[in-house]
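These are my notebook entries on a structure that I am reading for the first time. I set down what I looked up, entry by entry.

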Amino acid sequence: MSTPSGSTADPPAGTDAVSCTGLEYSFGGTRAVDGVDLSVTEGEVFGLLGPNGAGKTTAIRVITTLLPVPAGMVRVFGRDAARQKMAVRRLLGYVPQQLSADSALTGRENVSLFARVFDIPRRERAERVAEALEAVGLTEVADRMAATYSGGMVRRLELAQALVSAPRLLILDEPTIGLDPIARTSVWERITEVRAATGMTVLVTTHYMDEADQYCDRVALMHLGRIRALGTPEQLKAELGRAEGSDRQPTLEDVFRHFADSGLDNLGGEDFRDVRRTRRTASRVG
Ligand SMILES: Nc1ncnc2c1ncn2[C@@H]1O[C@H](COP(=O)(O)OP(=O)(O)OP(=O)(O)O)[C@@H](O)[C@H]1O
């Protein structure tokens, strides 16, 4: 797998991969993101956690420049997401919640399409596509139609699409939603391996607290548009354990419940949007 290139003028050492200050975003009267301050350090796996509707997707869509920055400041490796959109986009790989692979193409064709979109020189394309497919463990099935892939394979294919440009920052929106436990583990193992091999920074949203606990270096707990707590999973659990003075080690979900306090009825369960998303994933498999 290629090392993320710093071809577009490297930022000074110590520049955060992502820096948000006072970020806000509203849909009409709904304040989806309500004054978020956040820094993601280069090279870490950072988890943005929260239940459905917390504002995670909206926040990352602003960071990816897919939504404008109406208030506050967002920087990606020092580039201003409001004024230097193209410079920001060149640094990122983004795997959205929505299906981004074409079932009527093979795995290799899907990744090649992204290689063309990212303007990877023609002479490098075949090798870069093969590397990206190898990194996610799809070499053997690369020439099969994506329609024949399982849900977990489709997710890994989407990962390869995002990796083919060797991004310095990989942003994943609920990468394991709707997958079975084995497929979830496989997706995370690939993310972890690529991160270790390339030093890429990973920003991931999830509402699976157990995955965040296991795979993220630091997490921010988001609820109703605001960051309620931020730190390493160990720090957050230890702090709650001390505050409660109980013998039992709290889980990350306990930490979340403590900070969010209310409105978490759907945590761990499915609401309408979850069901729709899960079914969408299932239909990819079928
Ligand atoms: N296009 C939209 N139009 C109107 N309201 C929206 C839109 N997108 C999101 N919202 C609202 O903004 C709030 C935050 O939604 P967002 O999708 O960012 O949350 P989330 O934490 O990513 O949840 P999920 O995991 O369900 O995607 C919610 O109240 C949601 O209903």
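**Entry 1: α5 and α6.** How are α5 and α6 oriented to each other, roughly parallel or roughly antiparallel? I note before answering that the model is a predicted one. I also recall that two packed helices are described by the angle between their axes and the distance between the axes. I looked up helix α5, residues 151–163, and helix α6, residues 181–198, and found that they pack at an angle of about 20°. Their axes are 9 Å apart. Angles under 35 degrees count as roughly parallel, and α5 and α6 are therefore roughly parallel to each other. I recorded the handedness as well: α5 passes α6 in a right-handed crossing.

**Entry 2: α3 and α5.** I next took α5 together with α3. The angle at which α3 and α5 pack is about 30°, and their axes are 8 Å apart.

**Entry 3: α3 and α4.** At what angle do helix α3 and helix α4 pack? I found about 125° for α3 (residues 107–117) and α4 (residues 122–135), with 9 Å between their axes. That angle makes α3 oblique to α4. I noted that α3 passes α4 in a right-handed crossing.

**Entry 4: residues around the ligand.** I then turned to the ligand. I found 15 residues around the ligand, of which Gly53, Gly55, Lys56, Thr57 and Thr58 come nearest. By class, I listed 4 nonpolar, 7 polar and 4 charged residues in the shell around the ligand.

Entry 5: Which atoms of the protein did I find beside oxygen atoms of the ligand? For Thr57, a polar side-chain atom lies 2.7 Å from an oxygen atom of the ligand. For Gly55, a polar backbone atom is 2.9 Å from an oxygen atom of the ligand. For Asn52, the entry is again a polar side-chain atom, 3.0 Å from an oxygen atom of the ligand. I also looked up the area: the ligand taken alone exposes 630 Å², and the protein buries 69% of that.

**Entry 6: elements of the shell.** Which elements give two or more residues to the shell around the ligand? I found β2 (30–40), α1 (56–63) and α10 (272–285).

Note on methods:
Residues are numbered from 1 along each chain as its sequence is written. This is a predicted model: local features need pLDDT of at least 70, side-chain atom pairs count only at pLDDT 80 or more; totals for chains, interfaces and linings use all residues. Side-chain values use heavy atoms; hydrogens and water are left out. A residue is near a molecule or strand if one of its heavy atoms lies within 4 Å of it. A polar contact is a pair of N or O atoms within 3.5 Å; within protein, one must be able to donate a hydrogen and the other to accept it, and residues adjacent in sequence count only if both atoms are side-chain atoms. Accessible areas come from the Shrake-Rupley method with a 1.4 Å probe; for residues, only the protein chains shown count as cover. Helices (H or I, at least four residues) and strands (E, at least two) are DSSP runs, numbered from the N terminus. Ala, Val, Leu, Ile, Met, Phe, Trp, Tyr, Cys and Pro count as nonpolar, Asp, Glu, Lys and Arg as charged, and the others, Gly among them, as polar. Axes are lines fitted to C-alpha atoms, for helices over the stretch in contact, and angles run from 0 to 180 degrees between N-to-C directions. Angles under 35 degrees count as roughly parallel, over 145 as roughly antiparallel, 65 to 115 as roughly perpendicular and the rest as oblique. A crossing is left-handed if the near helix is turned anticlockwise from the far one by less than a right angle, and right-handed if clockwise.
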